[in-house]
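Visitor: Can you walk me through this one? I'll ask as I go.

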Amino acid sequence: MSTPIPVQHASTANVLRQFYALTKPRVVQLIVFCALIGMVLAVPGLPSWADVQRGVLACIGIWLVAGAAAAFNCLVEKGIDAKMKRTAWRPTARGQLSDMQALVFSALLCAAGSALLWFTVNPLTMWLTFATFVGYAVIYTVILKPLTPQNIVIGGASGAMPPVLGWAAMTGDVGPEALILFLIIFLWTPPHFWALALYRVEDYRKAGLPMLPVTHGNEFTRLQVLLYTFILFAACLMPFIYGMSGWLYLVVAIGVSIGFTGYAFALWRNYSDTLARKTFRFSLIHLSVLFAALLVDHYLR
Ligand code: HEM
Ligand SMILES: CC(C)=CCC/C(C)=C/CC/C(C)=C/COP(=O)(O)OP(=O)(O)O
């Protein structure tokens, strides 16, 4: 008699972990951090207790809606994700979570986050956050990503929204300072993503996605990465020029921008997957340190 194969039941903890993974936690953490900086800069000096409460609720609301957008992306792209080494593990791609489970999860997160923003923050923040959800989940994921290599440039606008959302949460409007922070993330996104796409080009080719290294080749993409880091460098100086920050931010901004441009330059001169990976990793350090410097600078001034 043959031994029966044990049936594997997913534990509740495992299922929860799978749902959590759909929200692309690390990306969303940085998104919420950028929103938090928008909030901090919107309030002169130290925040009142009411500001702190509104800020915490706004962070939770933005986190929920951003997680919903990421989960919706995982659902729409489950076929594509299954073809790429980097994403094949996702619970939607592996069929561990059904389409209905992912859809309901995304809808619930989006509804909960939107309600929280509407009732405890303000309607403007709710509408802007919802528009960002549509921008990423529908305009980028469904329309632009399979259509054009400029997908991440245009789609990057939704990723750049967090400081604007944070600013709106605290002030009820959108100030020029918030738009400067938007511009920084908007210009940061292409070198962030194309550095990754360079060493993951085979994944994207297999998945049939028109990412820049697939459509225009390695050399052209490297040049674009370098050019974007130049414009980004200039944009990173704007908070100081506009009077939103002091010298501490300026020194840090110049430091990390030299680092990012340096990586992009080295990559342009001499390509290797290792260097492209390092450039991608540095993009994350660049944005995190830049925004952390804005925070420290704001309270030191
Ligand atoms: C349309 C815009 C963007 C595109 C196409 C994009 C693309 C990607 C991709 C494909 C990865 C996966 C890397 C991997 O699995 O190894 C990634 C990682 C990451 N991205 Fe982006 N990104 C965008 C915007 C942003 C924004 C706005 C932020 C935050 C403000 C961000 C933060 C991150 C972080 C923190 C990671 C690392 C995740 C990890 O290590 O698990 N990205 N990005
Ligand atoms: C409401 C709000 C603030 C929404 C934020 C939207 C959001 C999650 C933006 C981040 C952009 C992102 C994760 C891109 C990943 O690209 P990809 O989807 O092409 O990557 P993949 O290949 O890993 O799926």
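Visitor: How many residues does helix α12 have, and how far does it reach?
Guide: The model is predicted, to begin with. In it, helix α12 covers residues 247-269, which is 23 residues. From the first C-alpha to the last, α12 reaches 32 Å, close to the 33 Å expected at 1.5 Å a residue.

Visitor: Which residues of α12 are buried?
Guide: Tyr249, Ala253, Val256, Ser257, Phe260, Tyr263, Ala264 and Leu267 are buried.

Visitor: And what covers them?
Guide: The cover for the buried residues of α12 includes α9, α11 (212-241) and α13.

Visitor: Zooming out, how many helices and strands are in the chain?
Guide: The chain has 13 helices and zero strands. Its radius of gyration is 20 Å, close to the 19 Å that the globule rule gives for 301 residues, so the chain is as compact as a globular protein of that length.

Visitor: What box do the C-alpha atoms fill?
Guide: Roughly 80 × 50 × 35 Å, taken along the principal axes.

Visitor: What percentage of the residues count as buried?
Guide: Of the 301 residues, 46% count as buried. On contacts, take those with a separation of 6 or more: residues 24 or more positions apart account for 74% of them.

Visitor: How many residues are in the largest nonpolar core?
Guide: That core has 88 residues, and Val65, Ala68, Ala69 and Ala71 have the most contacts inside it. Helix α9 gives the most to this core, with 15 residues.

Visitor: Take Val65. Where is it, and is it buried or exposed?
Guide: Val65 is in helix α3. With 28 other C-beta atoms within 10 Å, Val65 is buried, because the cut-off for that is 20 or more.

Visitor: What is Val65 in contact with, beyond its neighbours within four places in sequence?
Guide: Val65 contacts Leu109, Cys110, Gly113, Ser114, Thr129, Phe130 and Phe133. Ala107 is 42 residues from Val65 in sequence, and the two are 9.1 Å apart in space, C-alpha to C-alpha.

Visitor: And what does Ala68 touch?
Guide: Leaving out residues up to four places away in sequence, Ala68 touches Ser106, Leu109, Cys110, Gly113 and Phe133.

Visitor: On to the ligands. How many residues surround ligand 2, and which are closest?
Guide: Ligand 2 is surrounded by 19 residues, the closest being Val65, Ala66, Thr132, Tyr136 and Gly159. The elements that give two or more residues to this shell are α2, α3 (49-76), α6 (123-144) and α7.

Visitor: Which helix gives the largest share?
Guide: Helix α3, with six residues of the shell around ligand 2. By class, this shell has 11 nonpolar, six polar and two charged residues.

Visitor: What about ligand 1, which residues come nearest?
Guide: Arg26, Val27, Leu30, Ile152 and Gly159, out of the 18 residues around ligand 1. Two or more residues each come from α2 (25-42), α7 (151-159), α9 (176-199) and α13 (273-300). The shell around ligand 1 counts 11 nonpolar, five polar and two charged residues.

Visitor: α2 keeps coming up. How many residues does α2 have, and which are buried?
Guide: Helix α2 has 18 residues and reaches 26 Å from its first C-alpha to its last, close to the 26 Å expected at 1.5 Å a residue. Among its buried residues are Val28, Ile31, Val32 and Cys34, along with Ala35 and Leu36. The cover for the buried residues of α2 includes α3, α8 (162-171), α9 and α13.

Visitor: Where does Lys24 sit?
Guide: Lys24 is in the loop between α1 (12-22) and α2. Lys24 counts as partly exposed, because it has 18 C-beta neighbours inside 10 Å.

Visitor: Last one: where is Ile143, and how far is Gly155 from it?
Guide: Ile143 is found in helix α6. Gly155 is 12 residues away from Ile143 in sequence and 9.7 Å away in space, C-alpha to C-alpha. Ile143 is partly exposed, with 13 other C-beta atoms within 10 Å.

Conventions:
Residues are numbered from 1 along each chain as its sequence is written. Chains are lettered from A and ligands numbered from 1 in the order in which they are written. This is a predicted model: local features need pLDDT of at least 70, side-chain atom pairs count only at pLDDT 80 or more; totals for chains, interfaces and linings use all residues. A residue is near a molecule or strand if its C-beta atom, placed from the backbone, lies within 6 Å of it. Helices (H or I, at least four residues) and strands (E, at least two) are DSSP runs, numbered from the N terminus. Ala, Val, Leu, Ile, Met, Phe, Trp, Tyr, Cys and Pro count as nonpolar, Asp, Glu, Lys and Arg as charged, and the others, Gly among them, as polar. The expected span of a helix is 1.5 Å times one less than its number of residues. A residue is buried if 20 or more other C-beta atoms lie within 10 Å of its own, exposed if 12 or fewer, and partly exposed in between; C-beta atoms are placed from the backbone. Two residues are in contact if their C-beta atoms, placed from the backbone, lie within 7 Å. The radius of gyration is taken over C-alpha atoms; the globule rule is 2.2 Å times the number of residues to the power 0.38. A nonpolar core is a set of buried Ala, Val, Leu, Ile, Met, Phe, Trp, Tyr and Cys residues joined through C-beta atoms within 7 Å.
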